[in-house]
Amino acid sequence: MTAAVELSADEARRISLAAQGFLGAPDRSAGVAAMLRRLGSVQLDTISVLARSHELVAYARLGPVGRATVEQAYWGGDAFEYWAHAACILPIEDWPWSAARRRLYLTYRNPRKIELAKARDAVRKRVAEGPVTASQLGGAKKGGPWWDWSDVKIAAERMFARGELVCVTRRGWKRVYDLPERVIPAELLALDPTDDECWREQVGRAGRCLGVGTRKDLANYYNLKLSRVDSHVADTDLVPVRVAGWPDDQPAWAHPYWLEQLSAGRLRGRHRTTLLSPFDSLVWERSRSERMFGFTHKIEAYTPAPQRVYGYYPMPLLTGGRLVGRIDPGRSGRTLVAKQVALDSPKWADAAATALVEAAAWVGCDNVAIERVDPPVEVAELVRAVAAAQAPA
């Protein structure tokens with residue numbers, strides 16, 4: 001057995017930041033599509049505060065790239081939507097490697113959402129005529145809460161999960177269902193990897209996208225069972241590593257490319273100072289954020305308001321390769337409002353101000369207002385820093 005490569009906690013953190021696109025100057029020339037291929041998947045979510053999460057992911061890495069450019073890269077035909085970590089956008093070339101999951105859905109049954117053959121036939125007939133949304137099929141809901149799906153919505157979603165339908169674009173945030181043979185390149189449709197080949201590929205890709213991670217990290221990236229990692233990681237090119245401070249009972253691996261970059265001294269350069277979506281792949285697994293950055297992070301949008309600690313949509317603040325605070329943003333007209341700010345130290349006020357002012361400009365706001373800072377003694381320092389960041393050069 002090959003001895004594990006020893007890494008310090010700082011080396012593991014730098015590998016992760018580089019793999020996720022946060023180390024070095026933003027490469028806007030490569031574009032959003034290249035960023036998507038680097039990340040492997042970008043999670044989708046319905047919540048929109050400054051912008052939707054998939055937009056924030058691109059902004060965090062590339063800076064204030066045009067929002068229309070981001071949308072075109074995701075929904076212009078070079079990507080598709082499917083289940084990975086959650087509902088995600090994936091590069092179009094990853095279509096074959098989702099085959100194992102699509103086959104799993106062939107036997108999936110949900111007793112609360114029964115798929116009717118009549119509805120399935122109606123959906124198939126309608127989509128054969130051209131791409132449609134659930135609304136165009138007759139409506140997504142029966143009339144109750146959002147999860148009370150109509151028969152055609154249930155059928156369309158089951159067919160989507162099995163790969164009988166595919167989504168490569170959205171219209172007004174609604175999935176547009178289409179036939180794979182119309183939108184997936186023929187050479188990709190012709191590929192038919194086995195389940196084991198799919199799982200092995202996704203384990204290896206998770207390691208490449210993360211840079212370094214435990215078996216749980218690798219499994220979480222594409223929502224794989226831990227047994228899939230255990231069965232296939234030895235058949236990838238991932239290298240066993242031991243990271244100082246990480247639990248000894250959690251095996252870890254790193255991608256050889258990032259180990260080579262580390263050894264060559266190339267994992268240096270400018271760090272991004274930015275706000276992160278709570279659904280960003282750098283932080284979407286809480287245990288990894290705690291282990292990698294010493295940062296406890298929770299998505300509080302689904303927590304009852306009286307129980308929230310940091311606000312409705314607290315966005316982690318990344319600067320200098322560290323997570324140093326949280327900002328819960330909002331908008332009032334053309335003002336970006338920092339409704340609640342919590343920094344680990346007053347010394348991060350300038351970084352918070354830089355992140356807020358840049359984000360404001362990106363979403364078309366002219367001003368930044370500070371509403372609440374914890375602890376309150378830091379309010380004046382943050383207000384000063386924002387004023388300085390907004391001052392003309």
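Predicted model: local features only at pLDDT ≥ 70, side-chain atom pairs only at ≥ 80, totals over all residues.
Let me start with Val5, whose bridge partner in strand E8 is Val241. Strand E1, residues 5–7, and E8 are joined by 3 bridges and run parallel; helices here (H or I, at least four residues) and strands (E, at least two) are DSSP runs, numbered from the N terminus, and two strands pair if DSSP finds at least two bridges between them.

Residues are numbered from 1 along each chain as its sequence is written, and side-chain values use heavy atoms, with hydrogens and water left out.

Now, which strands make up the open sheet, and in what order? There are 4 of them, in the order E1-E8-E9-E7, and the pairing is mixed. E1 and strand E7 (212–214) stand at the edges with a single partner strand each, so one side of each has no neighbour in the sheet. On average, and ignoring direction, neighbouring strands of this sheet are turned by 40° against each other; axes are lines fitted to C-alpha atoms, for helices over the stretch in contact, and angles run from 0 to 180 degrees between N-to-C directions.

Moving along the sheet, E8 is joined to strand E9, residues 252–254, by 3 bridges, and these two run antiparallel. Here Pro240 has Trp253 in E9 as its bridge partner. E7 and E9 also pair in the antiparallel sense, over 3 bridges, and Trp253 in E9 is the bridge partner of Gly213. Helix H14, residues 256–263, packs on the sheet and touches E1, E8 and E9, its direction making about 55° with that of E8, where contact means heavy atoms within 4.5 Å.

If you look at E8 itself, residues 239–243, you will find a covered face with Val239, Val241 and Val243, and an uncovered one with Pro240 and Arg242.

Next, let us turn to Arg175, which is found in strand E6. Is Arg175 buried or exposed? Arg175 is buried, because its relative accessible area is 11%, and buried means under 20%, exposed over 50%, and partly exposed in between, with a 1.4 Å probe and protein chains only. The side chain of Arg175 makes a polar contact of 2.6 Å with the side chain of Glu81, and another with the side chain of Glu157 at 2.4 Å. By polar contact I mean a pair of N or O atoms within 3.5 Å; within protein, one must be able to donate a hydrogen and the other to accept it, and residues adjacent in sequence count only if both atoms are side-chain atoms. Leaving aside residues up to four places away in sequence, Arg175 touches a number of residues, among them Trp83, Val132, Phe160 and Cys167.

Finally, some backbone details in loops. Trp173, in the loop between strand E5 (166–171) and strand E6 (174–178), has a positive phi of about 65° although it is not a glycine. Trp173 is partly exposed, with a relative accessible area of 21%. Asn223, likewise not a glycine, has a positive phi near 55°; Asn223 lies between helix H12 (215–221) and helix H13 (226–232), and counts as partly exposed at 48% relative accessibility. Lastly, a cis peptide bond with omega of about -5° joins Asp374 and Pro375, and Pro375 sits in the loop between strand E15 (373–374) and helix H17 (379–390).
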